[in-house]
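Let me put it up on the screen.

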Amino acid sequence: MIVLEKERRARNISQRKLMQLTGVDSSYLSRAERMGMRLYPGQASRVAEALGWDGDPADLFKEVDADAADARE
C-alpha cells in the first residue's frame with residue numbers, strides 16, 4: 001500500500017474529493033496510489049496540504065506494509 005492511499009482513507013476522503021481539493025486529475029491520483037507514481041512537486045504539495053500531511057510530500061508516494069499500517073491505526 002502507498003502512504004497516500006493510507007492517509008487519504010484514514011481521513012475518509014475520496015479520490016474525487018481529493019481531486020476537487022487539489023486540482024490534481026483523479027487518474028494521476030489513482031496511479032500514484034496503485035503504482036507509487038510520483039506527482040509533480042507542486043501537485044504533491046497541494047495533496048499534502050489537503051491531507052494535512054506535515055512530512056515531506058515525496059514520502060506520500062512510498063510503499064508501506066499494509067498490515068503494519070493497519071496495526072498502527
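So, α2 passes α4 in a right-handed crossing, meaning the near helix is turned clockwise from the far one by less than a right angle. Quick caveats: this is a predicted model, where local features need pLDDT of at least 70, side-chain atom pairs count only at pLDDT 80 or more, and totals for chains, interfaces and linings use all residues. Residues are numbered from 1 along each chain as its sequence is written, and side-chain values use heavy atoms, with hydrogens and water left out.

The helices are DSSP runs of H or I, at least four residues, numbered from the N terminus. Helix α4 covers residues 41-51, and its axis comes within 9 Å of the α2 axis, crossing at roughly 115 degrees. Axes are lines fitted to C-alpha atoms over the stretch in contact, and angles run from 0 to 180 degrees between N-to-C directions.

Who touches whom, with contact being heavy atoms within 4.5 Å? From α2 you get Leu-18, Leu-21 and Thr-22, and from α4 Arg-46, Val-47, Ala-50 and Leu-51.

Now the other partner. Helix α2 (residues 15-22) and helix α3 (residues 26-35) have axes that come within 9 Å and cross at roughly 120 degrees.

Key:
Helix = DSSP H or I, 4+ residues; strand = E, 2+ residues; numbered from the N terminus. Contact = heavy atoms within 4.5 Å.
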